[in-house]
Amino acid sequence: MTDALFRNFIDGRFDEPSATFDSVDPSTGAPWATMPAASEVDVDRAVAAAHRALRSGPWASMTATARGKLLVRLGDLVAANAGRLAELETRDTGKIIRETRAQIAYVGDYYRYYGGLADKHEGAHVPIDKADLDVTIRREPIGVVAAIVPWNSQLFLSAVKLGPALAAGCTVVLKASEDGPAPLLAFAELVSQAGFPPGAVNILTGFGQECGRRMTSHPLVARVAFTGGPSTARAIVRNTAENLAYTTLELGGKSPVVVFADADLDSAANAVVAGIFAATGQSCVAGSRLLIERSVKDEFLGRLKRKAEAIRIGDPQDPATEMGPLATLRQRDRIETIVAESIAAGGVLVTGGMRPGTGTGFYYAPTIIDAGASNLPCVREELFGPVLSVLSFGTEAEALTLANDTPFGLASGVFTSNLGKAHRMARDIHAGVVWVNTYRAVSPLVPFGGYGLSGLGREGGLDAIRDYTRSKSVWIKTSDEPIPDPFVMR
Ligand code: NAD
């Protein structure tokens, strides 16, 4: 057991864990904290508490306005504690402190946004086609939500689930990833401070096979909100065959960034570097496939190589560091294998492809592979690491074909100074997000989600609240005439 012990938060209390595991600091490879491993029994207690809170007590009877105020308070607390939460996230996942601080400060805005919307989400009145009947449509909370997040950006990925779910009046059991759960377990203290009644929000961590499986197949769970990889998503869909929970899936990507010769190449190069090397490439929207117009390929790759080799790799807690380690050893092993297979299949290493010699942590150098062909593993598979695969094109049509040549469809980027071309590409790319002459911008106001293997459903924006409700149609007879006997013929 390490010196730092984290706890699950169930029914408004922090539990003494019955089982634990150690969390490793990816910058040193050494265990630094002890985490609770939630069992099926813990999950059952959390779901039961969420179900009780949904049906009776202060949360069930709270007005939407009051729920909104709680969410705004939570947003303020997250922003005020962003520094401490960022240090924990950096320690537990290796994501650099510059990124965690900025991202967590912004997470507060997600809670404020959904807090503001909580009492602006309305039902409807239907101009019914029958005399003497009146129909209203109520929007009711869908029920207990099982929310499951991966290890990267856990506070952010939780906010896009908790915010709309709580605004809608649902109750939530949220599972932090077993990799890097510290910031989310610490966030539970803010939920408690904000004043959410017991059972409204339960936060735990544990392993997918036990804790995650029980959460997503539990008979009292009505809604599953999942972010993670496609193979886990398939397991979750099988789990929900048990409870038929309404499910949204935010999955991986192999996002293309298309750079035309007429683009501002300096600006595009900075965006490409940020798109793939920020968060050490461990971002669902990582722009991992560069499609570059052939006439500027050599010049552009030269710029990228210089920029990649200048990236400061080091201690993620140091504000001067520009790229940290990968979050897990497993992750680095996988990347090394796929890079080696891609080189063996004809890919040419432009830079990187090795460990940078930065001590004992799980570091991997910024890597660029001139892939040459679309069938290389580095072009097909999501690596979730700092590896950019490059393909070139001659025409706009060819660029579009390459951009859409993937089973994923999460994000994409287009760099051009031609407005018509930008519009055509934005219309024809099969992806849930298209960034034109920019990359990686996000906002609580804007829906986010993928096509194909990148997922099902959308998070963010106004409609997300609706996704945590279900409708109830209420038919009321407005005439005082008694209902005639149906067996008397008229
Ligand atoms: P993962 O799929 O391995 O794990 C995600 C979560 O699922 C973890 O909490 C894990 O414990 C849980 N889980 C595992 N098996 C389960 C099961 N059988 N039942 C229920 N839960 C189970 O993903 P990861 O490796 O932690 O994260 C990386 C993946 O997440 C990448 O594919 C990345 O693209 C994706 N991602 C997507 C988005 C998005 O918004 N689209 C954002 C971030 C990450």
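**Reading the ligand site**

User: Which residues come nearest to the ligand?

Analyst: Lys175, Glu178, Thr232, Leu251 and Glu382 come nearest, of the 29 residues around the ligand. A residue is near a molecule if one of its heavy atoms lies within 4 Å of it. This is a predicted model: local features need pLDDT of at least 70, side-chain atom pairs count only at pLDDT 80 or more, and totals for chains, interfaces and linings use all residues. Residues are numbered from 1 along each chain as its sequence is written, and side-chain values use heavy atoms, with hydrogens and water left out.

User: Which side chains have an N or O atom 2.8 Å or 2.6 Å from an oxygen atom of the ligand?

Analyst: A polar contact is a pair of N or O atoms within 3.5 Å. Here the Lys175 side chain has such an atom 2.8 Å from a ligand oxygen. For Glu382 the distance to a ligand oxygen is 2.6 Å. The protein buries 88% of the 860 Å² that the ligand exposes when taken alone (Shrake-Rupley method, 1.4 Å probe).

User: Which domains give residues to the shell around the ligand?

Analyst: Domain bounds come from an automatic or database domain assignment. Domain 1 (4–250 + 460–474) and domain 2 (256–436) both contribute to the shell, so the ligand lies between them.

User: How many shell residues are nonpolar, polar and charged?

Analyst: Ala, Val, Leu, Ile, Met, Phe, Trp, Tyr, Cys and Pro count as nonpolar; Asp, Glu, Lys and Arg as charged; the others, Gly among them, as polar. The shell has 13 nonpolar, 11 polar and five charged residues.

Methods:
Polar contact = N/O pair within 3.5 Å; in protein donor to acceptor, adjacent residues only side chain to side chain.
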